[in-house]
Amino acid sequence: AAAASYQRAIALDGAWPEVHNNLGNALLALNRLADAAICYRNSLVLAPGSAEGHANLGGVLQALGQPQEAIFHFRRALEIAPDQPDILASLALAHSAIADHAAAMTAIIHALALQDSAHIRRAFVSCVRHVNFVHQAGALSALLLRALQEGWDRPDDLAHIAAIAIKSDP
């Protein structure tokens, strides 16, 4: 219903980037990822300086298995609106998907410093599951200790990176 309403509004006057963005959100909720990406791209044609548009397109591209392109849009969103923890967490997950663990850890540590929320914690755990070396050993060790103490995830899932962090940060 919402998607149809936005489509009618675009048919009447397609010059509103917010309507394209909202249609993208409605299509995303219906799991129509490719169609959502088209809407977000259309929104960005009309409003290239929209951090929300870049973040939304980055998110759907990540879901479509295109992390490199997602990274471009997450970075662009952060250039427009710096220090957005949700976008930093999404950027970290995209970097993690291409095994750029140093960039992933930098982004997720920054996100956690800005906002300590369940969503950001889940992104942190997801990023560290695949790390095989330690970047920013001191900061990572402190976050791992908190993650273990506060039960962000099962201890077994964090054990390998905790061992690497301990060895790297005597």
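Analyst: Before we count anything, a helix here is a DSSP run (H or I) of at least four residues, a strand is a run (E) of at least two, and both are numbered from the N terminus.

User: Got it. How many helices and strands are there in the protein chain?

Analyst: Keep in mind that this is a predicted model. Starting from the N terminus, the elements read α-α-α-α-α-α-α-α-α-α. The tally for the protein chain is ten helices and zero strands.

User: What share of the residues of the protein chain counts as buried?

Analyst: A residue is called buried when its relative accessible area is under 20%. The protein chain has 170 residues, and the share that counts as buried is 43%.

User: Let's look at helix 7 and helix 8. Are they roughly parallel or antiparallel to each other?

Analyst: Helix 7 covers residues 101-114 and helix 8 covers residues 118-128. Their axes come within 10 Å and cross at roughly 160°. An angle over 145 degrees counts as roughly antiparallel, so helix 7 and helix 8 are roughly antiparallel.

User: Is the crossing of helix 7 and helix 8 left-handed or right-handed, and how many nonpolar residues does their contact have?

Analyst: The crossing is left-handed. Helix 7 brings Ala104, Met105, Ile108, Ala111 and Leu112, while helix 8 brings Ile120, Arg121, Ala123, Phe124, Cys127 and Val128. Sorted by class, this contact of helix 7 with helix 8 has one charged residue and no polar ones, and its nonpolar residues number ten.

User: Are Phe124 and Trp152 buried or exposed, and how many residues apart in sequence are the parts that the pair ties together?

Analyst: Both Phe124 and Trp152 are buried. Phe124 sits in helix 8, and Trp152 is in the loop between helix 9 (137-150) and helix 10 (155-168). The pair therefore ties together parts whose separation in sequence is 28 residues.

User: Which residues does Ser126 touch, leaving out those up to four places away in sequence?

Analyst: Ser126 is in helix 8 too. Ser126 has a relative accessible area of 26%, so it's partly exposed. Asp153 is 27 residues away from Ser126 in sequence, and their C-alpha atoms are 9.6 Å apart. With residues up to four places away left out, Ser126 touches Leu93 and Ser96.

User: Now helix 5 and helix 6. How far apart are their axes?

Analyst: Helix 5 spans residues 67-80 and helix 6 spans residues 85-97. They pack at an angle of about 155°, which makes helix 5 roughly antiparallel to helix 6. The distance between their axes is 9 Å.

User: How many polar residues does the contact of helix 5 with helix 6 have?

Analyst: Helix 5 passes helix 6 in a left-handed crossing. Pro67, Ile71, Phe74, Arg75, Ala77 and Leu78 of helix 5 meet Ile87, Leu88, Ser90, Leu91, Ala94, His95 and Ala97 of helix 6. This contact of helix 5 with helix 6 has ten nonpolar residues and one charged, and the polar ones number two.

User: Where does Asp83 lie, and what is its phi?

Analyst: Most residues other than glycine have a negative phi. Asp83 lies in the loop between helix 5 and helix 6 and is partly exposed, at 43% relative accessible area. Asp83 isn't a glycine, yet its phi is positive, at about 60°.

User: Is Asn31 buried or exposed?

Analyst: Asn31 is found in the loop between helix 2 and helix 3 (33-46). Asn31 also has a positive phi, near 65°. Its relative accessibility is 60%, so Asn31 counts as exposed.

User: Last one: how far apart in space are Leu28 and Val60?

Analyst: Leu28 belongs to helix 2 (residues 17-29) and is partly exposed, at 35%. Leu28 touches Leu33, Ala36, Tyr40 and Val60, leaving out residues up to four places away in sequence. Leu28 and Val60 are 32 residues apart in sequence, but from C-alpha to C-alpha the distance in space is 7.7 Å.

Note on methods. Residues are numbered from 1 along each chain as its sequence is written. This is a predicted model: local features need pLDDT of at least 70, side-chain atom pairs count only at pLDDT 80 or more; totals for chains, interfaces and linings use all residues. Side-chain values use heavy atoms; hydrogens and water are left out. Axes are lines fitted to C-alpha atoms, for helices over the stretch in contact, and angles run from 0 to 180 degrees between N-to-C directions. Angles under 35 degrees count as roughly parallel, over 145 as roughly antiparallel, 65 to 115 as roughly perpendicular and the rest as oblique. A crossing is left-handed if the near helix is turned anticlockwise from the far one by less than a right angle, and right-handed if clockwise. Contact means heavy atoms within 4.5 Å. Ala, Val, Leu, Ile, Met, Phe, Trp, Tyr, Cys and Pro count as nonpolar, Asp, Glu, Lys and Arg as charged, and the others, Gly among them, as polar. Buried means under 20% relative accessible area, exposed over 50%, partly exposed in between (1.4 Å probe, protein chains only).
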